[in-house]
Amino acid sequence: MQDKLKSKADELVNRITFYLNGKLVTETIPAGLSTLDWLNQTKHMFGTKCSCNEGDCGACTVVLAYPRDGSIVYEAINSCLYPAAKLHGRHLITIEAVGEPDKLHPIQQALLEHHGTQCGYCTPGFVMSMFAMFATITHPDKETIFSALEGNLCRCTGYQSILEAAEEVSEGHTPQDIVPEWCRQVEEQLISFKEPAEMQVINTPSPRLVQRYLVPEDFNRLFDYFAMEPEAVFIAGGTDIMVQMNISRKAFPVLIDLSRIPHLQRLYLQKDGLHIGAGITYSQLLDSGIVKSDYPMLHHLISQIASQQIRNFGTLAGNIANASPIGDSLPALLAMDATLSLQSELEVRSIPLREFFLGYRQTALRKGEIIREVILPVMPAGAYLNCLKSAKRKSVDISAVITAIKVEASGGVISSAVLALGGVAATPVISKLFPGLVQGHETHNLDIQAIARVVAGEFIPISDVRGGAEYRSTLIAKHIEIYLEELKGGQA
Amino acid sequence: MKSTHHLSGKLHLTGRSHFIADEAPVAGMLHAKLLFSPIAHARIINLDISKALAYPGVHRVLGAKDIPGPNQIGHVIKDEPLFPAEIIMYAWQPLAMVLAEDEQAAEAAVKLITLEYEELPPILDEETADAAKEWYVPERSIESGDVDSIFASAPHIMEGKTKNAGQEHFYMEGQRCRAIPFEDSRLLLHCATQSTMEVQEVVSHLLGIPAHDIVVDVPRLGGAFGGKERAATIWACMAALGAFVCRKPVQVKLNRDEDMRATGKRHPFTSLWKVAYDNDGRILAYDIQLLANGGAYADLSVAILERAMFHAENTYHIPNARIRGRACRTNLPPNTAFRGFGAPQGIFVIESVIQQIAKELALDPIAIRMLNAYHNGDKTPYDQEIKECQISAIYDKLAEKAAYDKLKADVAQFNASHKNHKRGLGIMPVKFGISFTTALLNQGSALVWVYIDGSVSVSTGGVEMGQELSTKVAVVVSRVLGIRVEQIRVESSNTQRVGNASPTAASTGSDINGNAARIAAEKVREQLREPAAKLLEQNSGTAVSPEDLVFSEGKVYLLSNPQSSVSFQDLIGFAYVERVPLGAYGYYRTPDLWFNREIGKGRPFHYYVYGAALAEVELDCRMGEHTLKQLFIIHENGQSLHTEIDMGQVIGAAVQGYGWCTMEDLVWDDKGRYTSANPSTYKIPGIRDLPENFQVELLPSQSKEASVFGSKATGEPPLIYGLAVFFALQEAVREVKPDAVLSFPATPEALLLSLK
């Protein structure tokens, strides 16, 4: 068995093929190398800047073009967190190809006219974020501009000039102005791209944190690889694993990438609810009509998770598997009573999300098991669902406390209630006391202050860099007050 | 006329601008990685590098004992080693440097260094340090009038303690230096510094070689904000040491988290104050003691404290003032220059006091500010006469722009009808003194060359770091020579072309370097008058008086006869043939500056910049979150050299100040280690933090004191406008809790807990 697998591994190639700024390239990429490091260190292309190396500043933003549902999407991503191995079959667009000093792109021209660059270090990232935005939406409004640029930090301009430039482009340009011909020419080739992604990326002579990066294209291969590399860690978007590598220098000797398995790329509605494949990104969820209409709370929440660049490759399943006590999506999923479909070589099993988190960053996932789907049950008509996130900054911040609530009432009497919380314990949790305090009571006749106080007392949060214990306890109570007052129909 | 674009704008926008160490490694280059101290205060027992040295790819491991000259990088006060030999003074202090062929090997080898130490108790806050008399220099003081007798008889007296937090610079480009050895044991340092002279000088002492053997070159910085004035020197010294010892190029380039943990920040201050005032709110006497948390080494802390003291009275004429300051040594990384350089800290206190007085007397906060405002002829506590005071005009303009009376009524009405949301208004006037308070730094040089094709090269000692100094210098030279900005190239700051350059700091960049460039360009122009007259005479056959020539629009001509002209380009070719010098050196020193520290009197500033801001916030009292609904700014800046650049400075600085006082939350643990050491935990403003309505107006003024072509500095003063938001939030909180005093920064946490 092992021998057979070994020989299979030997057949694998350690090259990937993709388009770089309009040109087809085949490259050998060291395992686990980020797209940013590949650009800077291997290609000596330094237009894409490294500033934080953890996806929080956007200086390294590049654009990816790739087919989805038959057409080409243009998405901004943080190249510092994007494993270069994932580029296979995609079009990587960097600042070097967008305009030239004597022939600026309309976005660049507008930024120049509005003095939207000062020190210049963040500038390529802003240009690329705007490129992806305008390639997708011709006339974005202010909110769309904010969403597209909230993941780009600028320490010089105070943003006003950048916003004005974006608004000018929004008013005055067509998609033809934005996406240059050399991008359009690659689109068809991207759609017809058939070369399999399977590869093995071998380590380079100097020590690296990853020695092998495997990209299976179906479940069979996935579990073959796992049998061959039983200590392997699974990676979907990689937005957390790459931070652990870049910042904490944590080693992941073998990574198995799940992002090319077609089964994991599905998002569909069934009788039992919405099935979200493990490879579905936050952006795909935001774009989904079903999510918008049937799960508006989830839609609203996801718009507040991370930045556009992260949402473009981060996944909901990754947020769950990562099992952080402050995972932004987790309280909402708990409140909605999500179920996970887990897949191993031998079986597919279901587990309610509320039984999934066992301890600090510990889950019910068994060795060799992955999340296949997240299933959100159909939300009962008339149920009250809400989610509140408290953080230091309005956007692109991790919460100090995040909560979500689902309450059903009939005839004004609460029949069921769930309150889930993140940032108050070692795992995301469901309040044990909350249902008992409200069920059977009339929505307009709740002792809100007392309920809030009791539930806040249920948890003993810690103090850390994101907030003190007292703040967190207060937030629990305040969130509950807001929910229950809204439920009561009171005005803020 | 269309304004000049950012001189590097097209390069920045296409990713083609060059930043230090964002380039391919040069042949044989070694990468440096550092062992940082895990603890804030300790005695080193043993540092064993043997295993690291044996690691494949490692060339050297350098520490305190490998330094050829004195292990000293302190500049003004010599108290800072490059690597501590005995006592670790702050967490993340560099202890040793591994030089290896690639970063991975260097990093792996650093982990093999073993450090044995004896932990010592750290002092982390300024009050504890002050009680322990941990001062770099004795107390400083400035005094005017008779404070004590006023306090003995004043109708109202109030006392308090005000604290402000620090702030991380968060320049987008981290600290870095690439050192390249060249012929005859010399070193070329590509160094991300605001201060070429200091790097050259300190490296020279450290290595025991003359300054002329060290070349420092700075093409541009990816942001600095003061964080690369002094704090860049240590990394430059390391790269230089490595290159000197190994005779190979060496690159030191910090990761973001290393940068945020190991470098100093804006100074936290604790200030104890006492104020006497009358029934109208007129301040009769003010007594303040400022304590600055300077961190482990003196760095620029004493100068920063001094500037805080010079701004302790802000825009107010306080005839009886006693301003004392002590810069305290703690076990944090050495705190350093940050846009404002102490002034924001000093101003924050007096504005807090004014807010308290307004509240006690139930007076309008603008009215009370106007009542106490400076007028021409008044003298500051340090005896500088106020000559061109703009503050009253600015209040009028601000009140008009913001429709203040109506806004105030609207806010009151909103607050009366809302329980969970409260609005508040905050006012923030600024008077900011321009000049280095260390008078000797107020000098600068420039070199202008006109090449024979008529293109121009300008070098100054100024460092381009996003403030668009280069663009302003080009504008100045273009005006003097009457040529297009596109004909002018502003070069990197390089010690070979411009030596002994003061740091590009204290908002003086364009005043000093712009004036030096102006003087150099004027010399060139004067040198060109004779050949121009000669050429025009040849062309027209009539006599031309050189003094009457005009240099404009790429031509030289007589005002009386503009039709007969020679092009600048033709003139240059002719002048070269005529053997006329086509280059010149310009030197500028700011006139009439002095300050006597013994008596606390003098004229430390060339002029003042005035302005004011008004902020309106809406606070969600249940979440502690706020919306910045409006921010109005009126900023006086003389005859602007370039209004878009100045607007960019005002807006950028105000947003930075807003971040400082509301969301930028520096956190360290009990071992003195910063835990908010990356942008996932330390939040600077993002695009969504822009005020919903943001109105900024530059107020042009005719000032005799102003600098190059009547312009005034804009770099630092506008940061202080951001504090208007803090006071607006405090007012909103006081709608719920009238006696609340908001802690700094006003994070959602601080706001929510202040409402409890």
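**Notes on a predicted two-chain model**

1. Some housekeeping. This is a predicted model, in which local features need pLDDT of at least 70 and side-chain atom pairs count only at pLDDT 80 or more, while totals for chains, interfaces and linings use all residues. Residues are numbered from 1 along each chain as its sequence is written, and chains are lettered from A and ligands numbered from 1 in the order in which they are written.

2. On confidence, the model scores ipTM 0.98 and pTM 0.97. Chain B has a mean pLDDT of 97, with 100% of its residues at 70 or more; pLDDT is the predictor's confidence in each residue, from 0 to 100.

3. Back to chain A, which has 19 helices and 20 strands. Both are DSSP runs numbered from the N terminus: helices are H or I with at least four residues, strands E with at least two. The radius of gyration of chain A is 23 Å, close to the 23 Å that the globule rule gives for 492 residues, so chain A is as compact as a globular protein of that length. That radius is taken over C-alpha atoms, and the rule is 2.2 Å times the number of residues to the power 0.38. Along the principal axes, the C-alpha atoms of chain A fill a box of roughly 65 × 65 × 40 Å.

4. How much of chain A is buried? Of its 492 residues, 55%. Buried means that 20 or more other C-beta atoms lie within 10 Å of a residue's own, exposed means 12 or fewer, and partly exposed is in between, with C-beta atoms placed from the backbone.

5. Now look at where the chains meet: 65 residues of chain A and 67 residues of chain B make the contact. On the chain B side, α1 (9-13), α3 (103-110), α8 (256-262), α17 (643-662) and α19 (748-754) each supply at least two residues. The largest share, 7 residues, comes from α17(B).

6. Helix α6 of chain A (residues 160-172) is worth a look too. Its 13 residues reach 18 Å from first C-alpha to last, close to the 18 Å expected at 1.5 Å a residue (the expected span is 1.5 Å times one less than the number of residues). Its buried residues include A:Ile162, A:Leu163 and A:Val169. What covers the buried residues of α6(A) includes α3, α4 and α5 of chain A, together with α17 and β29 of chain B.

7. Chain B is assigned three stretches of interest: domain 1 (29-121 + 169-262), domain 2 (269-437 + 597-754) and domain 3 (443-589). Such bounds come from an automatic or database domain assignment. The C-alpha centres of domains 2 and 3 of chain B lie 40 Å apart, and 17 residues of domain 2 are in contact with 18 residues of domain 3.

8. Within chain B, B:Val609 lies in strand β27 (residues 607-620). B:Val609 counts as buried because it has 26 C-beta neighbours inside 10 Å. Beyond its neighbours within four places in sequence, its contacts include B:Phe432, B:Glu636 and B:Pro717.

9. Last, helix α18 of chain B (residues 723-736): 12 of its 14 residues are buried, so α18(B) is largely enclosed by the rest of the structure. Among the buried ones are B:Phe726, B:Phe727 and B:Glu735.

How values were computed
Contact = placed C-beta atoms within 7 Å.
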